[in-house]
Amino acid sequence: MEHFEIFLALLFVSVAGLNALAGWLNVPYPILLVLGGLAVGLIPGMPHIELEPDLVLLVFLPPLLYSAAFFSDLRALREAARALSMTAIGLVLLTTVAVAVVAHEVMEFTWAMAFALGAIVSPTDPVAATSIMRRVGAPRRIVNMVEGESLVNDATALVAYRVAVAAAVGGTFSLGEAALEFVLAAAGGVAIGMVAGWGIGQIRRRLEDPVTEITISLLTAYAAFIPAEELGLSGVLAAVFCGLYLGWRAPALVSPATRLQSYGVWEILVFLLNATLFILIGLQLPVIVEGLEGTPWSEVIGYSALVCAAVIGMRFLWLFTMPYAIRALDRREIQRARRIGWRPRVIFGWAGMRGAVSMAAALALPLETDAGAPLPDRELILFITFALILVTVVGQGLTLPALIRRLDVVEDGSEEEQEELRARYGASRAALRRLDELELEDWTLNDSVERARGIFRFRQRRVKTRAGKIEDDGILKQSLTYQRMMHAVYDAQRRELVRLRNEGEISSDIMRRLERELDLEESRLA
């Protein structure tokens with residue numbers, strides 16, 4: 001590609017500008033990135049971007065899946081395991097079949113390409129949905145379910161996708177062999193992921209260098225994904241279960257210094273990967289349209305609308321039939337407590353947006369069959385996938401906040417606040433117990449112990465007051481006054497460090513080192 005460096009610069013400038021605009025407009029960044037990528041792609045003279053098919057899944061998918069699994073709430077996933085397995089496996093396979101039937105019977109796709117299309121459009125993408133739901137105040141349980149569903153349904157869809165593409169390229173298909181391959185690929189991927197997670201955990205346990213640890217963490221997803229793919233297993237499940245294992249074990253494996261740095265690194269990396277993919281989704285449209293020359297646009301748009309209706313319709317059909325069937329069969333009290341009403345189910349259904357994984361899978365379709373012929377209907381599948389992403393991310397994304405408010409599916413955040421208060425109180429209580437033990441040691445000084453004890457007793461009183469356990473004797477006002485005073489003190493220290501740097505009395509390295517210490521101290525004021 002000519003002038004690649006100019007395109008790359010334009011890409012990152014576009015990402016930053018569109019993200020800033022999204023914040024200003026108070027809409028999720030994927031919406032504007034898709035539309036922005038489309039606008040950039042339509043600029044006259046803009047070079048066509050054609051991505052290497054295999055590179056898309058390999059570069060983008062592993063770190064996105066690993067990060068989502070690593071930072072997920074495993075407890076919430078366990079509690080909703082049955083519901084999530086039903087949607088992440090049952091719903092995905094049902095959607096794949098439904099879309100495949102539509103593609104074969106109406107669009108005259110071969111069965112292999114029809115199933116490939118069904119597998120491509122069946123997994124959900126949580127990025128836009130969860131950012132909207134958190135901002136509006138949707139129940140945390142629904143947000144966790146949307147995130148948890150996307151972890152496993154990617155694997156289900158991509159295993160089915162691989163089977164369908166192999167049949168399309170090779171020209172043969174056996175349902176029995178496909179089912180066996182599906183099971184073996186899934187089980188093998190889980191095993192590879194757990195082994196990779198354990199092995200990397202053993203290595204990181206013995207390291208104390210943040211730079212080395214962060215480098216390993218960035219490569220961990222590939223260390224699980226690539227071996228699984230090379231063995232013909234599910235690289236997606238390998239990356240997910242590796243992330244789940246290491247995310248659960250992280251408090252015992254990762255040092256505080258590494259944790260402070262790695263969270264920021266991963267936050268930026270995940271944003272850039274997602275943003276780049278969403279921009280590329282928009283940029284692909286001119287290339288896709290060029291490949292559809294000769295196909296009537298009425299057919300193209302009609303087929304796209306049909307697939308969109310099938311995908312969205314099957315999701316709501318599943319959510320409003322299967323739960324009632326399960327309820328009729330399982331009436332245990334523990335299961336009754338986990339049920340949700342029709343309003344949250346509507347929100348969960350409308351939050352089933354498609355995004356980066358679907359587009360990456362579509363772009364990864366081979367260009368040719370084993371016989372050397374062009375892969376049939378590839379450009380049409382790309383357009384349909386783009387249309388579905390546009391309808392779900394932009395259409396459903398922009399209407400989801402109003403739907404949440406209309407159905408009053410919101411929570412006030414009190415449950416999460418109470419959990420935080422319990423955590424803060426428990427940590428303070430543990431600190432006081434440890435101080436009582438340390439007071440008996442020969443090396444501790446009584447005044448140091450008492451000074452530290454006063455800090456944690458104050459924190460306990462403040463937490464108990466916020467939780468309503470004791471009457472407020474002015475401690476909350478005292479705490480806010482202290483925080484306001486200390487913010488001013490930290491600002492004064494930073495200004496002095498800048499002055500010393502500007503006048504040449506200290507180096508920039510010294511200024512940044514002390515500035516970081518002040519930032520960490522100030523972050524503890526809350």
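The protein chain of this predicted model carries 50 positive and 58 negative side chains, and the centres of the two sets lie 12 Å apart. In this count Lys and Arg are taken as positive and Asp and Glu as negative, while His and the chain ends are not counted; the place of each charge is NZ of Lys, CZ of Arg, CG of Asp or CD of Glu. Residues are numbered from 1 along each chain as its sequence is written, and side-chain values use heavy atoms, with hydrogens and water left out. Because the model is predicted, local features need a pLDDT of at least 70 and side-chain atom pairs count only at pLDDT 80 or more, whereas totals for chains, interfaces and linings use all residues.

The pLDDT, which is the predictor's confidence in each residue on a scale from 0 to 100, averages 85 over the protein chain, and 93% of the residues score at least 70. Confidence is lowest in helix α15 (residues 333-336), with a mean of 62, and highest in helix α13 (residues 297-319), where the mean is 94.

The protein chain has 22 helices and zero strands, where helices (H or I, at least four residues) and strands (E, at least two) are DSSP runs numbered from the N terminus. The radius of gyration of the protein chain is 26 Å, close to the 24 Å that the globule rule gives for 526 residues, so the chain is as compact as a globular protein of that length; the radius is taken over C-alpha atoms, and the rule is 2.2 Å times the number of residues to the power 0.38. Along the principal axes, the C-alpha atoms fill a box of roughly 80 × 65 × 45 Å. Among contacts (heavy atoms within 4.5 Å) between residues at least 6 apart in sequence, 78% join residues at least 24 apart.

The protein chain exposes about 26,600 Å², of which carbon and sulfur atoms supply 61%; accessible areas come from the Shrake-Rupley method with a 1.4 Å probe, and for residues only the protein chains shown count as cover. Buried residues make up 45% of the 526 residues, where buried means under 20% relative accessible area, exposed over 50%, and partly exposed in between (1.4 Å probe, protein chains only).

Several individual residues illustrate these terms. A88, in helix α5 (residues 81-105), counts as buried because its relative accessibility is 0%. Not counting residues up to four places away in sequence, A88 touches E149, V152, N153 and T156, and its C-alpha atom is separated by 18 Å from that of G243, which is 155 residues away along the chain. R249 belongs to helix α11 (residues 235-253) and is partly exposed, with a relative accessible area of 31%; the C-alpha atoms of R249 and D509, 260 residues apart along the chain, are separated by 34 Å.

Most residues other than glycine have a negative phi. N26, in the loop between α1 (4-25) and α2 (29-41), has a positive phi of about 60° although it is not a glycine, and N26 is partly exposed at 46% relative accessible area. D377, in the loop between α17 (356-363) and α18 (378-407), likewise has a positive phi, of about 65°, without being a glycine, and D377 is partly exposed at 29%.
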